[in-house]
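Subject: Structure handover

Hello,

Here is the structure I promised to pass on to you. Please have a look at it first, and my notes follow below.

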Amino acid sequence: MTAGGDGGADPPAATDVGNPAYYHRVVDCQWACPAHTNVPEYIRLIGQERYGEAYLLNRQSNVFPAILGRTCDRPCEPACRRQRVDGDPVAICRLKRVAADLRGDVAAGLPRAPDTKNGRRIACIGAGPSSLTVANDLMPLGYEVTIFERHLKPGGLMRSNIPAFRLPAPVLDEEVGVILDMGVDIRYNSPVDSLRQMLGAGFDAVFIGSGAPRGKELDLPGRGGDDPDDPHIHIGIDWLESIAFGHVTAIGERVLIIGVGNTAMDCCRSSRRLGGRDIKVMARRPRRFFKASPWELEDAEEEGVEIVVNHAPRRFVREGGRLVGVEFDVVEWDEEAAHSRVLEQVVLPCDDVILAIGQENAFPWVERDLGLEFGPGELPVVNPVTMQTSLPEVFIGGDAAFGAKNIIWAVEHGHQAAISIDNHCRQVAVEERPPLTMNLTSQKMGLQQWSYHNDYNPASRQPMRHLELSRRFQELNLEVELGFTAEATAREVQRCLNCDVQTDFDAPLCIECDACIDICPVRCLTIVAAAGLEPAQLGPLLSTPPTNPEQALFISEPLPQTGRVMVKDENLCVHCGLCAERCPTAAWDMVKFDLAIPYAGRVGIPIS
Amino acid sequence: MPSITKPLIPLLPLARNELGLTMQDYQGGMSTLCAGCGHDSITAALIQAFFELSLPPHMIAKLSGIGCSSKTPAYFASRAHGFNSVHGRMATIATGAGAANRELTLVGVSGDGDSLSIGLGNLAHAIRRNVNMAYLIENNGVYGLTKGQFSASADVGSRSRRGDSNLLQPVDPIMLGLSLGATFLARGFSGDKAQLVPILKAAVAHRGFALVDIISPCVQFNDHEGSTKSYRYMRDHELREIETDFIGQHEEIVGSLARDRATAVTMHDGARVQFRTVPEGYDPKDRGQVEAYLRERTGRGEIVTGLLFLDESQQDMHETALTPPNGLAQLPFSKLCPGSAELESFQDGLR
Ligand SMILES: Cc1cc2nc3c(=O)[nH]c(=O)nc-3n(C[C@H](O)[C@H](O)[C@H](O)COP(=O)(O)OP(=O)(O)OC[C@H]3O[C@@H](n4cnc5c(N)ncnc54)[C@H](O)[C@@H]3O)c2cc1C
Ligand SMILES: Cc1ncc(C[n+]2csc(CCOP(=O)(O)OP(=O)(O)O)c2C)c(N)n1
Ligand code: SF4
Ligand code: SF4
Ligand code: SF4
Ligand SMILES: [Mg+2]
C-alpha cells in the first residue's frame with residue numbers, strides 16, 4: 001500500500017534506532033520490568049533446556065528468580081505483546097520458576113566476594129530484598145557490607161508476610177543464602193533505633209532498606225472497646241508476621257477481612273488454613289477497582305473465600321465488650337466509583353477481624369535534626385534515579401523510599417543505590433550513571449533461515465497446576481502452585497514472540513518493490529510519500545491505521561528511488577521475519593537486540 | 001519461498017466486505033516466486049481488488065498459461081476455480097470457459113512471453129471477440145521462468161543481465177489493443193498499488209475484454225542498469241498522468257475526487273470510472289486521439305500509466321454470439337445435446 005503526501009518539503013525525521021531506548025521499548029516485557037529482565041532471551045534458553053543459563057540471566061537483573069518466579073507482581077505480563085495478539089500474555093513469571101526449579105548446579109555462575117577487601121564499609125538497615133540487592137552488587141567489588149535486621153531471620157516481608165504456601169521457606173533461604181554466604185556481616189535481632197548512632201559508626205555509606213513497616217489502623221467506633229489491644233482485631237501485616245514466626249496458630253471460624261489488596265488475599269487464605277470456615281473479604285468498591293492481582297483473587301475464591309463488594313465499614317459491634325461483628329454501609333457507586341450513595345446498613349457477625357487496608361512508612365528512629373529531609377506522607381526526600389537522600393552518604397530504597405511497592409522494585413532500587421554508593425565511595429558524582437548500551441546481532445543463518453524460531457505458534461496460555469483443594473488446608477506450608485509440566489513449558493515457550501529480535505531497516509538498500517508490505521501478516525508496514533508531514537499525520541496513511549498510541553512508529557530515512565519513507569507500526573508486529581525473508585536486497589534484517597545493563601562496578605555486559 | 005506460511009493472527013483488527021469476508025479469504029498459497037518479484041505485488045493488488053469488490057470467491061475463474069506470472073493464480077483466491085493452460089493458450093481456454101458459464105468472473109493472468117510471444121494470436125482473437133474478462137499481462141520484458149531471455153515486449157536497446165542488447169521491435173499490447181478494437185486498455189506498475197487496485201477493479205467490472213498491461217520488474221533477470229523494465233527505470237520514466245479512480249455502483253463517493261480536469265465515464269452497471277488530472281483535452285473514448293497521444297509519449301521515452309482507453313458501447317462475445325442468458329452451463333442436457341435425430345434433420349438441411 002502506498003499513500004500520498006506533498007512533494008518538495010522534507011519528510012518527518014527518521015527514527016534514531018541507534019538510541020537503545022527505541023528497540024528496548026519494542027521489547028514490551030523488558031521495558032515494563034523495573035529491573036529490565038531480558039525475558040525473551042531467557043524464554044529461548046528454557047526452550048533449549050538451558051535452565052541454568054536461563055536462571056543466571058534472570059539473576060543478573062532480578063537477583064531472586066526462584067522467589068520472583070512464584071511471587072512477582074509481573075508488570076511484564078499485562079505489557080506482553082502476546083496479549084495483543086491472542087488475548088493472553090505469555091506466562092513469563094511461571095517460566096521464570098521453571099528456570100529456577102530446573103536450574104541444577106549454577107554455583108559457577110554465582111557472584112563471589114574477593115578475599116581482599118577494598119576497605120569501604122557499608123551499612124544496610126533491614127534484610128529485605130532491597131538491602132540484599134545492595135549487598136549482592138557490592139560484595140563482589142570488595143565492599144564490606146553489614147546488615148542490621150531486627151528479626152531473627154533475613155528476607156524482610158518475603159519472609160514475614162508472604163505466606164509459605166506461596167513461597168516455601170527453603171526457596172527463600174537458598175536465594176538469600178547465596179548473598180549472605182559471600183560473607184555479609186548480618187546482625188540479627190539488631191533493631192536500629194538511631195540513625196545518628198549509625199552515622200557515627202564509621203561506615204562510608206548507609207542504605208536504608210527498612211520497608212514500610214506499619215499496617216494502617218481503622219479508627220472506627222468500637223475499635224478499642226474495653227480492651228485497646230483487642231485480641232480479635234488484627235493488623236494484617238503484623239498478623240501474617242506472627243504466623244510466619246510461629247506466634248499465631250489459630251483464628252476464629254468467622255473472619256472478616258477489611259480491604260481487598262494483596263495483603264487481604266494472603267490474610268484470607270491464611271485464615272482458611274488456621275481454622276477459619278466462613279471468611280469474607282469486605283471491599284468498598286466494585287470488583288474492577290480491586291488492587292489485588294487477578295490470579296490471587298482467583299486462588300482465594302477457589303479456596304472458598306467470599307468476596308463482598310460495595311461494603312464500607314462503620315463500626316465494630318460489641319456485646320459486653322466482646323467483638324461480635326462489624327456494621328457496614330451498603331453503598332452504590334457511580335461509573336468511575338468516585339461518588340457513592342448509602343443504601344442501607346448491615347451487621348455481619350464475626351469472631352475475628354483482620355485489617356488489610358495498606359501500609360505506612362514510619363521512621364521513629366531517624367532523628368529529625370540530622371539534615372535528612374522528609375516530604376509529604378512521612379517519606380524521605382529521595383532522588384528517584386540515584387536513590388540518594390538529602391544526606392550525601394545516606395541512600396534508601398524499596399518500600400522505605402516511596403511507600404509499599406513490590407519485590408522487583410525493591411531489587412531495582414537496590415541496583416541503582418549500589419551504583420550510587422560505589423560512585424560515592426570512589427568520589428564520582430552519583431549523578432554520573434553508567435550508560436545503557438546495546439548490541440545488535442543479525443539472526444540470519446542462511447537464505448530464509450534464522451537462529452530463532454520465527455514461526456507463529458497458535459498455542460494458548462498454559463494453565464497452572466494447583467495442589468488439590470482437600471490437601472491445601474492440612475498443613476500451613478504446602479505450596480499451592482505446582483509449577484509447569486515439561487509439556488506445558490514446551491508449549492508456553494513457543495508463545496513468546498521474540499520481541500527482542502528486531503526488524504532492522506537499511507533505507508539505502510530498498511528498491512520499493514513492496515514485497516515486505518505484501519507479506520506482512522499484520523499489515524504494519526507502509527511506504528508513504530510523507531514530504532511535509534508531521535509524524536502525527538502519518539496514521540491515516542498507513543496500511544492499518546495505528547490504534548495504540550503507546551507504541552512507536554518507525555520512520556525510515558527517505559528511500560533512494562522516490563524519496564518516500566518506510567513506516568512501521570511497532571504495535572502488532574509478531575517478529576515473524578517474513579519481511580526480511582521476502583526482501584530481495586536485505587534492506588530488512590532480523591537483529592537481536594541485547595540491552596547491556598550496567599551494575600555497580602560493571603559496565604553493561606550483553607549476554608550474547 | 002519463505003520458511004513459514006503467513007500466520008493468522010487471532011486479534012488482528014480485520015476489515016470485512018459486503019459479503020462479510022476478510023482480505024484473508026482471498027488469499028492463496030505461499031508464493032514460490034523470487035523475493036521482490038513484481039508479480040507478487042500484483043497478486044496482492046488483485047487480492048485487495050477482489051476484496052473491495054466483494055466478489056464471491058467461488059464465482060471467480062483464474063486462468064493462466066506458462067511462466068512465473070502464470071504461476072501466480074496459485075497465490076490468490078484459493079477458493080476460486082483455476083485453469084493453468086499450455087503456454088500461450090490461456091485466452092482460448094478463457095473464451096471457452098466464458099462461453100460455458102457466463103456467470104463466472106474471468107480473470108486471466110499471463111506474462112509478456114505467454115501473451116505477446118507464443119500466445120499473440122490467441123490474445124488477438126480474444127480481443128476481437130471482446131470476451132468478457134479481465135486479462136492481465138505481468139510484463140517484465142523477459143521470460144523469467146526460463147532464465148531471462150528477451151521476450152516480445154523487450155524494448156530495442158534494452159540490455160540483458162549479461163550485457164547483450166535487444167535488437168527486435170517490441171510489441172506494445174496497448175497499441176495492439178487499440179488497433180484490434182479493444183474496449184478497455186490500461187497500463188499499471190506493480191510498484192504502484194494506489195493506482196493499480198482501482199484499475200483492476202474497473203477491469204473486472206468492465207463488460208468485455210479488459211486488457212491490463214502491468215510493468216512488473218523481474219528482480220532476478222531484468223532489474224539491472226540498462227534494463228527498461230527495472231524498478232529504477234519505471235520510477236524515472238513513468239508518466240502517471242492519467243490517474244484513475246473506480247467507483248463501484250454501490251460505493252459511496254467520497255470527497256477529493258471532484259478535481260479539476262476530471263473526466264467521468266459511466267460503465268454498463270452504473271459504476272463509474274474517474275480519470276483524474278488527465279492532460280488537457282484527453283478523451284479516453286477517442287481511439288485515434290489516444291493512439292496519437294501514446295505514440296508521442298512513447299517516442300519521448302515515457303511510459304504512460306493509468307486507464308488509457310474505454311469503450312462501453314461495443315457488444316461483448318455473448319451479445320454477438322447470441323448465447324443464452326444464463327450460459328451454456330445452465331442449459332439442460334437435452335437442449336445442449338438434442339440427440340442424433342435432431343442432428344440428422346440439421347444435416348439434411350445442409351444437403
Ligand atoms: C502481605 C504481603 C504480601 C506481599 N506479597 C508480595 C508478592 O507476592 N509479590 C511482591 O512482589 N511483593 C509482595 N509484597 C510486597 C513486598 O514484600 C515488599 O514490597 C518488599 O519486600 C519490600 O522490600 P524492602 O527491601 O523495601 O523491605 P522489606 O521487605 O519490608 O524488609 C524490611 C526489613 O527491614 C527490617 N527493619 C525495619 N526497620 C528496621 C530497623 N529500624 N532496624 C532493623 N531492621 C529493620 C524489617 O524487619 C524487615 O526485615 C507483599 C507485601 C505484603 C505486606
Ligand atoms: C510450448 C512451450 N514453449 C516453451 C516453453 C518454455 N517456457 C516456459 S515459460 C516461458 C516464457 C514465460 O515468459 P513470460 O510469459 O513472460 O513469464 P514470466 O516468467 O516472465 O513471468 C517459456 C518460453 C513452454 N513451457 N512451453
Ligand atoms: S516481522 Fe516483518 S513481516 Fe513479520 S509482523 Fe513484523 S513487520 Fe510484519
Ligand atoms: S522488500 Fe525490501 S526492497 Fe522491497 S520494499 Fe520492502 S524493504 Fe524495500
Ligand atoms: S525469475 Fe523473475 S519473474 Fe520469475 S519469479 Fe523470479 S523475479 Fe519473478
Ligand atoms: Mg515475462
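In this predicted model, 12 residues of domain 3 of chain A are in contact with 10 residues of domain 4 of chain A. In the domain assignment, domain 3 is made of residues 111–213 and 361–425, and domain 4 of residues 216–358. The C-alpha centres of domain 3 of chain A and domain 4 of chain A are 32 Å apart. Together, domain 3 of chain A and domain 4 of chain A bury about 960 Å², and carbon and sulfur atoms give 56% of that area.

On its side facing domain 4 of chain A, domain 3 of chain A has 5 nonpolar, 3 polar and 4 charged residues. Between domain 3 of chain A and domain 4 of chain A there are also 4 residue pairs in polar contact, both residues being at pLDDT 80 or more.

Next, the two chains together.

The contact takes 34 residues from chain A and 34 residues from chain B. Chain A and chain B bury about 2700 Å² between them, with 58% of it on carbon and sulfur atoms. Of the area that chain A buries against chain B, 23% comes from Asp518(A), Gln561(A) and Arg582(A), more than from any other three residues.

How many salt bridges are there between chain A and chain B? The count is 3. In one salt bridge, Lys193(B) pairs with Asp518(A), and the closest N and O atoms are 2.7 Å apart. Across the interface of chain A and chain B, the rule also finds 16 residue pairs in polar contact, both at pLDDT 80 or more. On the side of chain A that touches chain B, α7 (81–86), α20 (515–519) and α21 of chain A each supply at least two residues. The element that gives the most to this side of chain A is α7(A), with 4 residues. By class, the side of chain A that touches chain B has 17 nonpolar, 7 polar and 10 charged residues.

Asp40(B) and Arg582(A) also form a salt bridge through their side chains, at 2.7 Å from N to O. This pair crosses between chains, from helix α1 (residues 38–53) of chain B, which holds Asp40(B), to helix α21 (residues 578–582) of chain A, which holds Arg582(A). Are these two residues buried or exposed? Both Asp40(B) and Arg582(A) are buried.

Now for some other salt bridges.

Over all chains, the structure holds 56 salt bridges. One of them joins the side chains of Arg461(A) and Glu77(A), at 3.1 Å from N to O. Arg461(A) lies in the loop between β19 (449–450) and β20 (465–466) of chain A and Glu77(A) in helix α6 (residues 76–79) of chain A, so the pair ties together parts that are 384 residues apart in sequence. Arg461(A) counts as partly exposed because its relative accessibility is 22%, whereas Glu77(A) is buried, with a relative accessible area of 5%.

The side chains of Lys280(A) and Glu306(A) meet in a salt bridge too, at 3.9 Å from N to O. Lys280(A) is in strand β9 (residues 278–282) of chain A and Glu306(A) in strand β10 (residues 306–308) of chain A, so this pair ties together parts that are 26 residues apart in sequence. Lys280(A) is buried, with a relative accessible area of 17%, while Glu306(A) is partly exposed, with a relative accessible area of 40%.

Asn132(B) lies in the loop between α5 (120–129) and β4 (133–139) of chain B. With 29% relative accessibility, Asn132(B) counts as partly exposed. Leaving aside residues up to four places away in sequence, Asn132(B) touches Leu106(B), His206(B), Arg207(B), Gly208(B) and Asp316(B). A polar atom of the Asn132(B) side chain lies 3.1 Å from the backbone nitrogen of Gly208(B).

Best wishes

Technical notes:
Residues are numbered from 1 along each chain as its sequence is written. Chains are lettered from A and ligands numbered from 1 in the order in which they are written. This is a predicted model: local features need pLDDT of at least 70, side-chain atom pairs count only at pLDDT 80 or more; totals for chains, interfaces and linings use all residues. Side-chain values use heavy atoms; hydrogens and water are left out. Domain bounds come from an automatic or database domain assignment. Contact means heavy atoms within 4.5 Å. Buried area is the accessible area (1.4 Å probe) that two parts lose on being put together, summed over both. A polar contact is a pair of N or O atoms within 3.5 Å; within protein, one must be able to donate a hydrogen and the other to accept it, and residues adjacent in sequence count only if both atoms are side-chain atoms. Ala, Val, Leu, Ile, Met, Phe, Trp, Tyr, Cys and Pro count as nonpolar, Asp, Glu, Lys and Arg as charged, and the others, Gly among them, as polar. Buried means under 20% relative accessible area, exposed over 50%, partly exposed in between (1.4 Å probe, protein chains only). A salt bridge is a side-chain nitrogen of Lys or Arg within 4 Å of a carboxyl oxygen of Asp or Glu.
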